[in-house]
Protein chains: 2
Amino acid sequence: MLVGADPFFPDPCIPDHIIEATKKALDGGHTHYALDNSYAVPPLKETLVKKLKVFNHLDVDPENELIVVPSSAFGLYAGIRICVRPNMGDEVLNIDPGFAENFNDVVQIGATSVSVPVYPEDGFQIRREELEKAVTPNTRCLVLTHPNNPTSTVYKREVLEDVAAFLEDHDLMVVVDQSFERNIYDNREYITFATLKGMKERTISVFGTSKDLGLTGFRVAYMVAPKQIIDILKIATFNYVGPTNTFAQYGVAAGYQDPSYVDEWMKVFNYRRQYGYNLLKQIPGVKCQLPEGGYFFWVDIRALGTSTEVRDFLIKDANVGVSPGNWFGSHGEGYLRIMFSTMRDTAKYEEAMQRIHQSLMKLAELKGVAGK
Amino acid sequence: MLVGADPFFPDPCIPDHIIEATKKALDGGHTHYALDNSYAVPPLKETLVKKLKVFNHLDVDPENELIVVPSSAFGLYAGIRICVRPNMGDEVLNIDPGFAENFNDVVQIGATSVSVPVYPEDGFQIRREELEKAVTPNTRCLVLTHPNNPTSTVYKREVLEDVAAFLEDHDLMVVVDQSFERNIYDNREYITFATLKGMKERTISVFGTSKDLGLTGFRVAYMVAPKQIIDILKIATFNYVGPTNTFAQYGVAAGYQDPSYVDEWMKVFNYRRQYGYNLLKQIPGVKCQLPEGGYFFWVDIRALGTSTEVRDFLIKDANVGVSPGNWFGSHGEGYLRIMFSTMRDTAKYEEAMQRIHQSLMKLAELKGVAGK
């Protein structure tokens, strides 16, 4: 069975250099609070500055614009929290379909999540007119998952420039989740939002290592934001959750120093992407675009039933679990998200996809959907 | 310089069995998300059930009444959050002087912190009449740090029974921070609040490992609460911060399986406690009780100046940093908190305490406070 939102390293296969660096940190006594200015151990701080420069084209002052936190989940929560006041009528714009936790965070904080719909005919890119329709005087910020989860969309430069102009016109902040920034296919250009003209001051960037480096059990993430935001985040992080595991940070530093293993995994994901896509597109009534980023298919099954109905059917008929699209916002109804990262064993993945294919073919026939 | 709120293991001295268990977990591939039902890896779950039974006399169903979280800071925040609604006029009772973060948490959540003063003439035990004075129809819960930080008070059975009766009479929840439960002197009885009659249903117990086992950089804590609370906490934890570092949990499990090293450290702390107490009580105008738990002195310096004045004087004159009492609530003014855990080197600690002693003697003379 495919599990909903799993890591890409479920098995004992973290690269040796990461394990060794973590063990060395344990042997070296790096086992106490990491309460340095950016809550980062020195080698991680140094490595992140380089990574942000080389990979993201972002110049970051590590003492004032960077903070290490225990997860991107926390980073997103804290980033949104800092933009709004609880129960004061503040609104947050969420791309819909979008990452489920972002909708929850807004509600938990006591603000209102306002959907900005994106459409399959645009490849789920953002329309400026939809942003303009959603904004009100109560809007405080936009949340952007880039690439988007669940649609896999890698936003184009002109689209992001439109978003930037919109933020400037309405004087809004943006919280950008870059969890899947390293999982981009077909040599697409990936743009770090904060590098756009005038956007560094408006952007709270959240970076994880669970997707980026596959280090799901390490619990290390980091954020880049303007100094006045980081200053508040330091206090909030200390109060809400405290510093991040110390020796795990050494492992993450080693991961960023040599992340070539991720390229190897991306070859596997790319193969699986093509394999699953070829199967899904054969099914009458099912629509799916080739994923642009991340490692999930966003599958339009409206012709076959609701998200929940088809999810339940796949559990019973194919013994495979997938995520119903309505988890990802009101505009996710009629879709399924199918992960292709959850099993290290590609043969098992292929078998699961074959079972999905077979079951959905059967369902299409039951529903009388015409063949392609 | 003594640092404010440091661990008791600032140096490379975590016991070998803990380091080895953590390394073994890394070698064994225990590096992925720990998303089991209680967010605990199996050996930690099993160990915690035993520890809670033997140490706390608490029977816990690990699937329904336990959750592992990345820090007691998070546990306290989440525990308080679950009891109140943001910006709806809800009130939280905080013992004052008390742990600074608890006051902040309440404000951050959008509730009002109401102080329950405790008095030196009672050894800072809680008076039922003060609870009754502070409670209103808007009160949702009480926060208890036990032993109290900064006063070091270990609450007596009859006092806790009074608190329990109060909670029952007013139908309130309690969030209990047991961070220092293993740091008790003079064979005092330590009572886990949830074991009192009728209190398991009303108690959210928060346990850390930074103070309890000295594992500050591991970032592993846990909570015990009724099933309906844990059910919400599981969702909230997933959303706010996600699971806890996986391999660190194996280290913590080993720590609880053999925590005898803590007893060794308690002997050191006990020596330091007596050493510092003997120096402090000689100073004219300074009052201090022998700490009952934790590892800090709560020093009445009202005769010498305000908390901030005396703190600043000690920085300049003795080159030693201590915490001003007004950090710990409005009733902390006129006090200092002095840690005796911050240095592994007892000789260095003694030197710092001698410098504090010397400086405060000088200050007493400057202020014309009569000798003892």
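## The four-stranded sheet of chain B

In chain B, 4 strands make up an open sheet in the order E8-E9-E11-E10, and their pairing is antiparallel. Strand E8 (287–288) and strand E10 (323–324) of chain B are the edge strands, each pairing on one side only. The model described here is a predicted one.

Two bridges link E10(B) to strand E11 (residues 335–339) of chain B, in the antiparallel sense. Within this pairing, Ser323(B) has Arg337(B) of E11(B) as its bridge partner. Helix H10 (residues 307–318) of chain B lies across E10 and E11 of chain B, and the helix runs at about 40° to E11(B).

## The seven-stranded sheet of chain B

A further open sheet in chain B consists of 7 strands in the order E1-E7-E6-E5-E4-E2-E3, with mixed pairing. Strand E1 (66–69) and strand E3 (112–117) of chain B each have a single partner strand, so one side of each is left without a neighbour in the sheet. On average, neighbouring strands of this sheet are turned by 20° against each other, direction ignored. As a general point, the strands of a sheet pair through backbone hydrogen bonds, in either a parallel or an antiparallel manner.

Leu66(B) has Val224(B) in E7(B) as its bridge partner. Helix H3 (residues 72–83) of chain B packs on the sheet, where the helix touches E1, strand E2 (91–96), strand E4 (139–145), strand E5 (173–177), strand E6 (203–208) and E7 of chain B. The direction of this helix makes about 170° with that of E6(B).

## The interface between chains A and B

Contact between the two chains involves 47 residues of chain A and 47 residues of chain B. The area buried between chain A and chain B is about 3,900 Å², and carbon and sulfur atoms give 52% of this area. Which three residues supply more than any other three of the area that chain A buries against chain B? They are Tyr33(A), Asn239(A) and Tyr240(A), which supply 18% of that area.

Between chain A and chain B, 32 residue pairs are in polar contact, with both residues at pLDDT 80 or more. On the side of chain A that touches chain B, at least two residues each come from helix H1 (16–27), helix H3 (72–83), helix H4 (100–109), helix H7 (227–240) and helix H8 (246–257) of chain A. H1(A) gives the largest share of that side, namely 5 residues.

## Salt bridges

Side chains of opposite charge can pair when their charged atoms come close. Over all chains, the count is 50 salt bridges, and 2 salt bridges are found across the interface of chain A and chain B.

One salt bridge is formed by Lys23(B) with Asp27(A), whose closest N and O atoms are 2.9 Å apart. Another is formed by Asp27(B) with Lys23(A), where the closest N and O atoms are 2.9 Å apart. Asp27(B) belongs to helix H1 (residues 16–27) of chain B and Lys23(A) to helix H1 of chain A, so this pair joins two chains.

## Backbone features in loops

In chain A, His146(A) and Pro147(A) are joined by a cis peptide bond with omega of about 0°. Pro147(A) is placed in the loop between strand E4 (139–145) and helix H6 (157–170) of chain A. In chain B, a cis peptide bond with omega of about 0° joins His146(B) and Pro147(B), and Pro147(B) is found in the loop between E4 and helix H6 (157–170) of chain B.

Asn319(A) has a phi near 55°, which is a positive value in a residue other than glycine. This residue, Asn319(A), lies in the loop between helix H10 (307–318) and strand E10 (323–324) of chain A.

## Confidence in chain A

Chain A has a mean pLDDT of 94, and 96% of its residues reach 70 or more. Over residues 1–7 of chain A, pLDDT stays under 50, and the model has 29 contacts beyond four places in sequence for this stretch.

Notes: Residues are numbered from 1 along each chain as its sequence is written. Chains are lettered from A and ligands numbered from 1 in the order in which they are written. Side-chain values use heavy atoms; hydrogens and water are left out. Two strands pair if DSSP finds at least two bridges between them. Axes are lines fitted to C-alpha atoms, for helices over the stretch in contact, and angles run from 0 to 180 degrees between N-to-C directions. Contact means heavy atoms within 4.5 Å. pLDDT is the predictor's confidence in each residue, from 0 to 100. Buried area is the accessible area (1.4 Å probe) that two parts lose on being put together, summed over both. A salt bridge is a side-chain nitrogen of Lys or Arg within 4 Å of a carboxyl oxygen of Asp or Glu. A polar contact is a pair of N or O atoms within 3.5 Å; within protein, one must be able to donate a hydrogen and the other to accept it, and residues adjacent in sequence count only if both atoms are side-chain atoms.
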